[in-house]
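Student: I'm new to this one and would like to look at what surrounds its ligands. Can we go through it together?

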Amino acid sequence: MVKTVKTSVCIIGSGPGGLLLSQLLSNEGIDTVLIDRRDQVHIEGRIRAGVLEQGTVEALQEAGVADRLNREGLQHYGFELAFDGDRHRIDLRALTGKPVTVYGQTEVTKDLFSRRHAQGQQFFFNAQNVQPENLLSTKPSVSFLIDGQALRVTCDYVAGCDGFQGVSRRSIPADVLKTFERVYPFGWLGILVDRPPVSEELIYANHARGFALASMRSETRSRYYVQCGADDRPGDWSDDRFWEEFEIRLGPDAARGLQTGPSFEKSIALLRSFVAEPMRYGNLFLAGDAAHIVPPTGAKGLNLAVADVRILSRALTEHYRTGNDHWIDTYSETVLKRVWKVERFSWQLSTLMHQFPQNSEFEKRMQRAEFDYLCSSEAASRTIAENYVGLPLE
Ligand code: RFL
Ligand code: PHB
């Protein structure tokens, strides 16, 4: 027997995108069900993003889930780019008047889970064989198994917030979906360490030996990355090897005062740019990593997911409040316009800041010339700054 549950919006994926969409809709009195193939502990434990745009912070504040973010988030009014040891500060305050906020994705997710549970949200964790169905009809549904029990959620709309590996995008027929992709020939090896950050602000460094990033989670916890081979495994990188490489790439000036220590998390992420069009198929909407991926260099992935669900929640709210489907009908087009601009920025910053194995000496000189131009041109720095703090929502 299939157990059936009814809701207005069935959300596949309980990452930050799905959780925030559920919260925004719930605040408007719209009922949702959240389905995830993993459990809450696993989702909360995924170490990923660390930098929130002001628009993301405001969205979390408006959604009523920002008490801890307001207390613990670290506002940064600048960050640095370094090139073979030379340093250039992008002054976000002077160039845009806006900060970014350092607050981990793990914490955003915990805050959202805690509020959703407090408000009695229905979750299905550890769901298997999740399958969106009847997407072109006015009564779509999502079927899945929990502990061998078959379930079906019937709804008005399905929101595919199930990340890059999810099922939602794959349920759009191949002759409808167009995808665009660039895979970069390297990865990022990231560590967490309970030592104060080497610098008060983030430092993105390009060095002849590869990229390095000094980031943080708090005043006592650092998050550091180095560019590594696409086939490397975390086990290839002892802590000693990491620290030696990280210090060289940051350069003697920026690495002064670096406090090393035992890492307690070490993982590798591959870099990819990816966009799927359209982001709507019948009554299925894609949002976040389900529809697009950016390399992490611009710190944009989570912020893009938040921007998508803000626009989607506005569209769905308008539908339920007034019956006006204008925002629903223009969702894909509206969101993709911004997505492509953010893809461009993330690709450009990645291209500037990494060592590409296939680069000729000419391309290396082009990178250096671009860095030197940034150092001497306020207009060039402003372009980076306004993208880094976040482009406006349409
Ligand atoms: P998520 O977080 O991947 O969540 C998707 C959820 O869907 C579930 N799922 C399924 N559920 C049901 N059925 C299926 N078939 C399913 N398949 C998957 C998964 O279990 C999961 O819970 O997507 P969402 O919500 O769109 O959020 C996107 C962000 O997680 C991602 O863009 C960011 O983490 C990217 N990112 C960064 N973004 C920033 O804005 N700022 C940063 O500083 C930043 N740094 C990063 C990053 C990503 C990184 N990695 C590891 C890729 C740094 C790194 C290293
Ligand atoms: C992080 O702190 O994990 C982080 C910060 C900035 C990025 C990417 C990741 O661009």
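Tutor: Helices (H or I, at least four residues) and strands (E, at least two) are DSSP runs, numbered from the N terminus. This is a predicted model, where local features need pLDDT of at least 70, side-chain atom pairs count only at pLDDT 80 or more, and totals for chains, interfaces and linings use all residues. Residues are numbered from 1 along each chain as its sequence is written, chains are lettered from A and ligands numbered from 1 in the order in which they are written, and side-chain values use heavy atoms, leaving out hydrogens and water.

Student: Which strands each supply at least two residues of the shell around ligand 2?

Tutor: A residue is near a molecule if one of its heavy atoms lies within 4 Å of it. By that rule 14 residues surround ligand 2, with Tyr 204, Ser 215, Arg 217, Tyr 225 and Pro 296 the closest. The strands supplying at least two each are S16 (210-216) and S17 (222-228).

Student: Why does ligand 2 lie between two domains?

Tutor: Domain bounds come from an automatic or database domain assignment. Both domains give residues to the shell around ligand 2, so it lies between domain 1 (3-74 + 103-181 + 272-349) and domain 2 (184-271 + 356-389).

Student: And ligand 1: which element gives the largest share of its shell?

Tutor: Around ligand 1 there are 34 residues, Asp 36 and Arg 46 among the closest. Helix H1 (16-27) and helix H8 (301-322) are the elements that give two or more residues to that shell. The largest share, 4 residues, comes from H8.
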